[in-house]
Amino acid sequence: MHAPIHRYKRWQDRQAALLGRLLVRAGLELERHPASTLENWRVGPFGKPAVAQDIFFNLSHTDGLVVCAVTRSGEIGIDCEKVRPIDLNDFVRLFSSESWQAIETAPDRLRAFFDAWTQREAVLKADGCGLSLPMERLRMAGNQAFLADAAESWSMLPVEVPIGYVCHLAIRTASESHLPIIRHAAADFSI
């Protein structure tokens, strides 16, 4: 695990990457996969990691938090963000007019933006295309997401995380029996 983790420039990112792998390892063990499965770590063409054909996982980290989802039920994506001040005008072009209107009229515009952002990122990560697919090709309808030219939809589920963060999971089947194992850990590496 050392080489990929050491590619990160900031030590905080290296720590978050290590913590993410440890969370994957714990999820694998809960799904009855040996910890040695991590030795099969590989990355797809758009950066999505995988370890085995019968196990699906996704990771996300932001300032102070690392989250991981693991399942046997098919591709998933997870994204978390710390709610922080940003210039929302920098992101207008990435949303449909109706999505942007919902953000603009929300009582807490920053929270609404980060909710919408993590939903979109989770879908793009679940699909495996990442940001290679422009966000404007993604359509949201309630708790469902649709990628342009794709027949299937993704179910969007909020994930409970500490106050000050938002997190969403994208999954094809949102039934109780198919929910993934989700773990998160504080990654406050401030000095």
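User: Which residue in E7 is the bridge partner of Ala 141?

Analyst: That's Gln 144. One heads-up before we go on: this is a predicted model, where local features need pLDDT of at least 70 and side-chain atom pairs count only at pLDDT 80 or more, while totals for chains, interfaces and linings use all residues. Residues are numbered from 1 along each chain as its sequence is written, and side-chain values use heavy atoms, with hydrogens and water left out.

User: What makes E6 and E7 a pair?

Analyst: Two strands pair if DSSP finds at least two bridges between them. E6 and E7 (residues 144-147) have 4 bridges, in the antiparallel sense, so they qualify. The names come from DSSP runs numbered from the N terminus: helices are H or I with at least four residues, strands are E with at least two. On that basis the chain has 4 helices and 10 strands.

User: Why are E5 and E6 said to stand at the edges?

Analyst: The open sheet runs E5-E9-E8-E7-E6, with antiparallel pairing. E5 (76-82) and E6 (138-141) each have a single partner strand, so one side of each has no neighbour in the sheet. Neighbouring strands there are turned by 25 degrees against each other on average, direction ignored.

User: What lies across E5, E6, E7, E8 and E9?

Analyst: Helix H4 (residues 109-127), running at about 150 degrees to E5. Angles go from 0 to 180 degrees between N-to-C directions, using axes fitted to C-alpha atoms, for helices over the stretch in contact; contact means heavy atoms within 4.5 Å.

User: Why is the pair of Phe 91 and Trp 117 called edge-to-face?

Analyst: Rings of Phe, Tyr and Trp (its six-membered ring) pair if their centres lie within 6.5 Å; planes under 30 degrees apart are stacked, over 60 edge-to-face, the rest tilted. Phe 91 and Trp 117 sit 5.4 Å centre to centre with 75 degrees between the planes, so edge-to-face it is. The two are 26 residues apart: Phe 91 is in the loop between E5 and helix H3 (97-105), Trp 117 in helix H4. Ring pairs also link both into a cluster with Phe 95, Trp 100, Phe 113 and Phe 114.

User: Is Trp 117 buried or exposed?

Analyst: Buried means under 20% relative accessible area, exposed over 50%, partly exposed in between (1.4 Å probe, protein chains only). Trp 117 has 14%, so it's buried. Phe 91, at 21%, counts as partly exposed.

User: And why does Arg 32 count as exposed?

Analyst: Arg 32 has 74% relative accessibility, so it clears the cut-off for exposed. Arg 32 lies in the loop between helix H2 (11-30) and strand E1 (42-43). Its phi is positive, about 65 degrees, although Arg 32 is not a glycine. Most residues other than glycine have a negative phi.

User: What makes strand E3 largely enclosed?

Analyst: 6 of the 7 residues of E3 (residues 56-62) are buried, so the rest of the structure largely encloses this strand. E3 is joined to E4 (residues 64-71) by 7 bridges, running antiparallel, and the two form a hairpin with 1 residue between them. Ser 60 stands opposite Val 67 in E4.

User: How do you know that Arg 21 lies over the face of Trp 41?

Analyst: A charge sits over a ring if NZ of Lys or CZ of Arg is within 6 Å of the ring centre and within 35 degrees of the ring normal. Arg 21 is at 3.6 Å from the Trp 41 ring centre and lies over its face. Arg 139 does likewise with Phe 146, at 4.5 Å.
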